[in-house]
Amino acid sequence: MKVIVLGADGYLGWPLALRLSARGHEVVGVDNLFTRTTVENSGSSSAIPIPPPESRIEAARNIHGFDIKFIKEDITKPGFLRELIEKEKPDAVVDFAEQRSAPYSMKGENEKVHTIVNNLVGTIRLIEAVKSVDPSIHILKMGTMGEYGTPNFDIPESPFVQAIIGGKQDRIITPKKAGSIYHYSKVFDTYIFLFENEVSNITATDIMQGPVYGTRTSEIIHESLHTRFDFDETWGTVVNRFCVEAVIGTPLTPYGKGGQTRGFLSLEDSMEALTLLLENPPKPGEYRVANQFTEIYSIRQIADMVKNAAEALGLKVSIQQVENPRIEAEQHYYNPEIKLLPSLGFKPKRRMEDELKSMIKDLLPYKERISQYSHVILPKTKWRTKR
Ligand code: NAD
Ligand code: USQ
């Protein structure tokens with residue numbers, strides 16, 4: 001299979017380029033290096049240093065014999081995706097190329113506008129490009145579990161649900177309630193996909209993925225092959241942040257009550273799931289939703305697990321509740337359905353409890369490097385502007 005991976009320089013994009021190559025697929029990666037540059041310009045850095053894209057590709061060739069093509073370009077540039085898809089004629093296009101940080105999207109007007117424009121324009125350009133070349137090309141679109149929010153009902157894995165409103169029944173789009181402008185950009189992406197599937201028969205898998213954690217996949221076997229690992233208040237996700245906090249000896253930072261509950265998965269399991277979805281595409285013209293996570297935990301449970309894992313490795317760890325910078329439920333019901341991946345034979349390989357130790361071990365050699373950036377850990381980006 002030939003796969004174009006949009007966002008191939010990112011946390012998930014680079015390991016997926018490696019995984020698909022390992023499975024014998026041909027990979028063309030695209031990225032405008034937005035995350036790399038924005039993180040560096042904000043005074044932070046990847047906890048584990050990452051070589052420039054060309055050097056990583058060279059390392060993948062030398063170590064694994066992979067031949068990954070890479071193009072540095074912005075996918076929102078008019079005509080770019082159309083020409084690329086016309087030239088490469090891929091079987092599938094994976095779309096990771098979005099501004100993916102909730103705190104970034106809540107910093108101010110410019111960041112809100114950038115998030116919406118970048119993410120939605122990218123989505124429309126991709127759909128139009130695929131439509132014009134061949135609508136049966138499978139678009140594997142990365143959405144997020146955060147599109148659903150934390151409703152007081154079981155979250156279905158389905159684009160539509162039956163609802164009774166004012167005594168009348170109808171089929172409606174599965175209710176969504178996002179928690180940031182970023183998460184809303186993913187909701188709008190979903191609406192665009194649903195609509196375009198109706199009017200033009202595009203073929204897509206819309207993945208509702210929970211937060212991913214981890215430093216390694218089976219292919220990341222040398223330091224020159226590492227993927228980025230963010231930990232600052234804007235770009236770090238919760239499990240990865242807690243591991244870094246444990247390594248550099250600052251208190252773990254559960255926001256508010258810490259009862260916020262999400263569906264998590266390891267980087268390795270994310271790669272497994274994505275590969276499975278690519279190798280088992282929907283029928284031409286079908287739009288399907290995949291909820292993607294392996295274990296459900298509250299933030300408080302994760303803090304305790306990270307503390308235990310780090311203490312087993314001889315580190316001293318404390319947990320210090322931080323005032324929640326976000327507007328979100330801190331105690332809530334959470335029960336999402338997950339059917340598609342198990343039906344394709346997906347079996348999680350990594351449990352968070354075990355993975356945390358290997359993450360901390362991977363981070364320990366960089367303790368001094370990360371300690372220089374300890375000032376970027378505490379949250380500064382606040383959601384609330386209402387008095
Ligand atoms: P990331 O920021 O590391 O990767 C995204 C990549 O896309 C970056 O390298 C960035 O430079 C690139 N990009 C952004 N806009 C672009 C554009 N206009 N043109 C070309 N490249 C562009 O993020 P990630 O963690 O790898 O996330 C990948 C995708 O998965 C995102 O869509 C994100 O919303 C989604 N997701 C991530 C997680 C997670 O926990 N990391 C969980 C669920 C969903
Ligand atoms: N949190 C803490 N302490 C921290 C950091 C975060 O308690 O130090 C809490 C947050 O308040 C939130 C939860 O942890 O309740 C998750 O936050 P996060 O930063 O790990 O994840 P989020 O902002 O939701 O975004 C990440 C990715 C995003 C992806 C999303 C999946 O950055 O791209 O879409 O996870 S999901 O959460 O399912 O929407």
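Colleague: Which side chain has an N or O atom 3.1 Å from an oxygen atom of ligand 1?

Modeller: That is a polar contact, a pair of N or O atoms within 3.5 Å; within protein, one must be able to donate a hydrogen and the other to accept it, and sequence neighbours count only through side-chain atoms on both sides. Here the side chain is that of Arg100. Asn32 places a side-chain N or O atom 3.1 Å from a nitrogen atom of ligand 1. A polar side-chain atom of Asp31 sits 2.6 Å from a ligand 1 oxygen. The protein buries 98% of the 810 Å² that ligand 1 exposes when taken alone (Shrake-Rupley areas, 1.4 Å probe; for residues, only the protein chains shown count as cover).

Colleague: Which elements give two or more residues to the shell around ligand 1?

Modeller: α2 (34–41) and α7 do. Helices are DSSP runs of H or I with at least four residues, strands runs of E with at least two, numbered from the N terminus. Of the 28 residues around ligand 1, the nearest are Asp31, Thr35, Asn118, Tyr182 and Lys186 (near is a heavy atom within 4 Å). The shell holds eleven nonpolar, nine polar and eight charged residues. Nonpolar covers Ala, Val, Leu, Ile, Met, Phe, Trp, Tyr, Cys and Pro; charged is Asp, Glu, Lys and Arg; the others, Gly among them, are polar.

Colleague: What should I know about the model and its numbering?

Modeller: It is a predicted model, where local features need pLDDT of at least 70 and side-chain atom pairs pLDDT 80 or more, while totals for chains, interfaces and linings use all residues. Residues count from 1 along each chain as its sequence is written, chains are lettered from A and ligands numbered from 1 in written order, and side-chain values use heavy atoms, without hydrogens or water.

Colleague: Which residues come nearest to ligand 2?

Modeller: Thr144, Tyr182, Val238, Thr253 and Glu328, out of 23 around ligand 2. α8 (238–248) and α7 (181–200) each supply at least two shell residues. α8 gives the most, three residues. A side-chain N or O atom of Glu328 is 2.6 Å from a ligand 2 oxygen. For a backbone N or O atom of Val238, the distance to a ligand 2 oxygen is 2.7 Å. On its own, ligand 2 has 730 Å² of accessible area, and the protein covers 95% of it.

Colleague: How many cavities of 30 Å³ or more are there?

Modeller: A cavity is a set of points on a 1 Å grid over the protein atoms alone where a 1.4 Å probe fits but cannot get out; lining residues have an atom within 4 Å of a point. Points join across faces, edges and corners, and volume is the space filled by probe spheres set on them. The count is two. Tyr255, Arg326 and Trp383 are among its lining residues.

Colleague: Why do some strands have a side without a neighbour?

Modeller: Strands of a sheet pair through backbone hydrogen bonds, parallel or antiparallel. Pairing needs at least two DSSP bridges. One open sheet runs β9-β10-β12, with mixed pairing. β9 (212–213) and β12 (295–298) are its edges; each has a single partner strand, so one side of each lacks a neighbour in the sheet. β10 (residues 261–266) and β12 are antiparallel, over four bridges. Phe264 has Glu295 of β12 as its bridge partner.

Key. On a 1 Å grid over the protein atoms alone, a cavity is a set of points where a 1.4 Å probe fits but cannot get out, and a pocket is an open set with protein on both sides within 12 Å along at least five of seven lines; lining residues have an atom within 4 Å of a point.
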